[in-house]
Amino acid sequence: MTTAPAGTVTQAVPLRLRERVRHWLDSEPVLAYLFMSPGWLILLLFMSYPFFLGIWISLTDRTVGLPSGEFVGFRNYAELLRDRTFHLTVMNTFIYGFVTVPFKLVLGLLLALLLNQAFPMRNVLRAALLLPWIVPTALSSLAWLMLYDAVLSPFSWLLKNWGLIESNIAFLGTRTNAIISLCIANIWRGTPFFAVAILAGLQAVPQELHEAAAIEGANRVQRFLAVTLPVIKGILVITTLFSIIWTFADFQLVYVLTKGGPANSTHIFGTYAWQIGIGGAGKLGIGAAISLYMFPVLAVLSAILLRYVRSQEA
Amino acid sequence: MTNSAEGRWLGGKLSRRALVRGIALGMATPIVGGLLAACGQQATPTPAPQPTPTAAPAQQPTPTAAAAATPAPAATPTATPVVLKGTKLNILFGTFFVPETQDLMKQQLQEFGKETGVEATIDFINWPDLQPKISAAVQAGAGPDIVGMWDTWPSLYKEALVDVQDIVEQRMKGEGDYFDWVKKTVLVGDQWLSIPIGAPTSAQVFRKSALQQAGWPDPNNPPDTWEDLFKIGVEMKKNGMPLGQAFGHSTGDPPSFCYAFMWAHGAMEVEADGKTVAFNKPQFVEGMKLFLSYWKQAFDETGLSWDDATNNRAFLAGQIGWTFNGSSIYIAAKKQAPDIAEDIVHHIYPKGPAGRFNNLGSWSVGILKYSKNIAGAKAFLEWWTAPEQFRKWLEIQQGYQVAPTAYYLNDPYYKSDPKLVPYVEAAKYGRNKGYAGLGNEKAAEAFARYIVVDTFARAIQSGNAEEAIQWGASELQKIYGA
């Protein structure tokens, strides 16, 4: 029996392997998954991994700087249910989320309707409208911090000069004042998003429909309700849902303006989780649990959003 | 697979399908490879090369005038030769109220770099951001090699800090023992994991003219008790110069007032056993009621949202006539408003029924275990904490930072300006956070959650002293009783 030369064998194996890989790659599903793999991996690495790690940490008593903590089950979640500051945090988050969004929606809609009219410098104004949205939040929050300053606030200065008040207003000094001040700053920052999105929608409204309605005798309000609103309804729903999600998950504005004070009365999920987990106490387990309490709300909102988008696609 | 002419390139060698296949593989491979590599690195970390142990730089810089006045022994070089040249070092500190301190530290780093060949850099970040930054670095296992820490933090990061007993012993040999409040806040058990560098102290800052207008007989000897302070505050507020105190979520001035007031009225976070909460005391409740009765009459009522900088601004803007602060107001006034500086009088903390106390714990500098240049970091700290360098650092702060040992307290910069003497005197009345227990991780947690500060803020908001103190006691119980 003759033995094949060694060189032939080693050459034959890679060739077969190459053929198999080529055949494998010819399959459409394989190719499709290969194309998707970068996106999947990025999602896994930057979204799924931190999320599941967060869930795991919330089930432990892990603290900053110490080796991984011990598994404590749902103890952190149960502790939070007895924490009065956490109760206030939940209430604040809902107030912050559900009070600001309607204002942003209405103001954004009005602004968009205004900017949809023809007038000089319209494009400049449209660009300027975006400023609150594109300026980094931390930076604009600092500007608000100066505006609300207990000592040097220009608002207090003006009102004092007009003789309307005698001493400075404690914009961030009581819970009610601070929540109102936070909501105003949030509305200022979020309104442009609504305005720009709605403005884009308004431009898709066919002019002919407006003309036809006008010929039929519809006034401005009727035309808005019967022609414009049905066309931009989708955009209104999506921007509102997005805005609620972003407002719920906010951090920067509250952190810069009040750090959750006075007396922990203005915390929202993000800032309270930070204060407990990172800001000093270093209790990562409880910090993660606070953040995850936000998850069901955001999950429901995201589900509604996705369902709506799919229904529109269908 | 198509064989048509338009589906093939490079003389028929490359088909469209092959091109697509190539792109897909090309996109996927680096990411998969990178991920696998990253996972591999995480699983089996490559040990970082450590430079061999260190010696302090041979050449010591010329001592300052102060140093010349009380000559100190030079840092003793360690025995083993060093190879530090070319290594890197990054240091993280909070910003300083005396900004020249930062320039000096950069200059000192340059000197150290010239002498050792270490490429050293330093970053200064806002106080409130310092701890989160350190926490994140410790958690990630990457970041600065050396960190400046506030009191109680060494306990919090004990697993992440390098033992620096050798340097501390060297310092104690040369400069004597540390103050008690230093040891109670920097020592972790019986381990030195960071080197004490003292702390800024606070004192009462008055406008003499405001006291005078309010009818205080001798403005150079301001009120010495809490009650007298509140009483004169009423008259000062009538004249448009109220008392100004921060009660927001800020780590400097709000605790200065709240901890001092609590101790002066017989309460404390915890007993010496470190477990029994001693916060809800009748004397404290009475003291809080007294404070509340004067809040609207004597204080600027916007103080609930003030942070560490607000009272400085208010004082320099002439809106308040009293506050608790470090010497930063006076130092700034000397430059920007000499008339205000002239009008300032400082006084140590007021007395209460239980005595006179102030919240004092030592800052310290530590090396993080993940550092790839522990030898370089130790060499730097050995060099920088030696009197030749450290004295310059204390001197440039003009008495703002009280040294951790009595060794420096007779230096000219603590005595040259009589107005600053109360800041040094404050060191005698220092109590650590977490007193009568240790300034450990539990004290750090209570502090980080602003429990004592928020007790005052709640009392001001609700007007109910008992309820606020009960709340504080129950929150402290969760920490100390756990």
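Colleague: At roughly what angle do the axes of helix α10 (residues 207-215) and helix α11 (residues 220-248) of chain A cross?

Modeller: This is a predicted model, in which local features need pLDDT of at least 70, side-chain atom pairs count only at pLDDT 80 or more, and totals for chains, interfaces and linings use all residues. Residues are numbered from 1 along each chain as its sequence is written, with chains lettered from A and ligands numbered from 1 in the order in which they are written. Helices are DSSP runs of H or I, at least four residues, numbered from the N terminus; axes are lines fitted to C-alpha atoms over the stretch in contact, and angles run from 0 to 180 degrees between N-to-C directions. The axes of α10(A) and α11(A) come within 10 Å and cross at roughly 140°.

Colleague: Which residues of α11(A) make the contact with α10(A)?

Modeller: Contact requires C-beta atoms, placed from the backbone, within 7 Å. From α10(A) come Leu209(A), His210(A), Ala213(A) and Ala214(A). On α11(A) the residues are Arg223(A), Ala226(A) and Val227(A).

Colleague: How many residues of chain B are in contact with chain A?

Modeller: Helix α2 (residues 28-58) of chain A gives the largest share of its side, six residues. In total, 31 residues of chain A meet chain B, and the number on chain B is 42.

Technical notes:
Contact = placed C-beta atoms within 7 Å. Helix = DSSP H or I, 4+ residues; strand = E, 2+ residues; numbered from the N terminus.
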